[in-house]
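Work through the two exercises below with the sequence and the model open beside you, and try each task before reading its solution.

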Amino acid sequence: LDPQQRLLLEVAWEALEDARIRPRSIAGTKAGVFVGACVADWQDSLVHLAPEDRDAYATTGSMLSVAAGRLSYTLGLSGPCLTVDTACSSSLVAVHLAVRSLRSGECDVAIAGGVNLILSTSTHEGLYRTQALSPEGRCRTFDAGASGYVRGEGCGLVVLRRLSDAREAGLPVRAILRGTAVNQDGRSTGLTAPNVLAQVELLREALRDARVGPEAIGYVETHGTGTPLGDPIEVEALRTVLGAARPDGSTCRLGAVKTQIGHLEGAAGIAGLVKAVLVLERGRVPANLHFRALNPRIRLEGSSL
């Protein structure tokens with residue numbers, strides 16, 4: 001069994017308990033499961049097993065599709081169930097799909113998030129060859145010395161319900177997802193290069209879906225990989241949409257959880273969402289670690305950022 005599947009089972013159970021939902025009580029309901037995952041390292045380990053040591057469980061135990069399927073099977077859920085692989089955005093796209101499913105009435109409860117474990121050297125070596133990884137072992141987001149990211153491991157899941165249903169059931173509400181959006185970079189300067197125009201449109205669509213204006217945003221948990229190319233593009237998109245100087249002098253802070261726990265890849269987005277909820281609950285924004293001097297290609301002067 002891929003340890004990612006076991007971790008999802010443990011965290012899903014804890015997430016339901018945190019939401020004051022007895023895990024056994026939702027068996028047979030239209031509860032949905034939306035999991036983001038993009039690394040299948042466990043299959044590399046199984047390839048090296050002798051043929052007589054590989055059985056049916058080796059197949060189901062390592063498929064990413066079964067990562068979500070095992071949750072629905074174990075909990076007895078009959079709502080939509082899927083694993084999303086959109087690389088580093090996988091877990092947030094999973095949350096986006098969960099929100100849409102709840103809005104349409106396709107499901108009444110949604111378990112959404114992602115998982116990422118480093119279980120093989122092959123993926124790590126491949127990423128190293130792309131020069132995406134930091135040679136100093138630090139995510140220095142927005143910093144002049146940013147040189148790439150550090151891979152991280154973890155699992156995060158949230159339990160989502162329509163707000164009216166949660167209040168009627170007397171369940172705790174830790175945060176409200178007012179809107180979500182998803183798009184693709186399209187044709188950029190390279191397959192892995194971000195597109196500032198696509199990011200601008202994504203931010204505007206998210207605001208439209210949430211029915212809030214840019215001046216209402218006081219904190220952004222950024223993608224913030226700590227790469228010389230990606231950081232300036234992301235901040236430029238944020239500056240274009242959210243960065244206008246505000247009459248009341250308020251500001252919008254930029255945070256990056258990757259500086260604290262590394263880049264969780266398929267689970268990176270849900271790590272950022274969990275951090276954003278904690279920021280709201282506690283009214284404090286953790287400092288970005290390893291930041292010394294602003295990347296000279298990032299412009300903040302004259303903006304609210």
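**Exercise 1. Describe the second largest pocket by its volume, its lining and the elements that supply that lining.**

Solution. Begin with the volume, which is about 930 Å³ for the second largest pocket. Next, take the lining (residues with an atom within 4 Å of a pocket point): it has 27 residues, and Val 158, Val 159, Leu 160, Arg 161 and Ala 175 lie nearest the centre. Then sort these lining residues by kind, which gives 21 nonpolar, no polar and six charged. Finally, trace their origin: strand 4 (154-161) is one of the elements that supply at least two lining residues, as are helix 1 (3-18) and helix 11 (268-282), and strand 4 gives the largest share, five residues.

This is a predicted model, in which local features need pLDDT of at least 70 and side-chain atom pairs pLDDT 80 or more, while totals for chains, interfaces and linings use all residues. Residues are numbered from 1 along each chain as its sequence is written, and side-chain values use heavy atoms, without hydrogens and water.

**Exercise 2. Follow helix 8 from its N-terminal end to the residue just after it.**

Solution. Start at the cap, where a side-chain oxygen of Asn 195 lies 2.9 Å from the backbone nitrogen of Leu 197. Helix 8 itself covers residues 196-210 and reaches 21 Å from first C-alpha to last, close to the 21 Å expected at 1.5 Å a residue. Its buried residues (under 20% relative accessible area) are Ala 198, Val 200, Leu 207, Asp 209 and Ala 210, and what covers them includes helix 5 and helix 9 (230-242). Just after the helix, Arg 211 takes a positive phi of about 60°.

How values were computed
1 Å grid on protein atoms, 1.4 Å probe; cavity = no way out; pocket = protein on both sides within 12 Å on 5 of 7 lines; lining within 4 Å. Points joined across faces, edges and corners; volume = space filled by probe spheres on them. Helix = DSSP H or I, 4+ residues; strand = E, 2+ residues; numbered from the N terminus. Nonpolar A, V, L, I, M, F, W, Y, C, P; charged D, E, K, R; others polar. Expected span 1.5 Å × (residues − 1). Buried < 20%, exposed > 50% of the residue type's maximum accessible area, 1.4 Å probe, protein only. Contact = heavy atoms within 4.5 Å. Polar contact = N/O pair within 3.5 Å; in protein donor to acceptor, adjacent residues only side chain to side chain.
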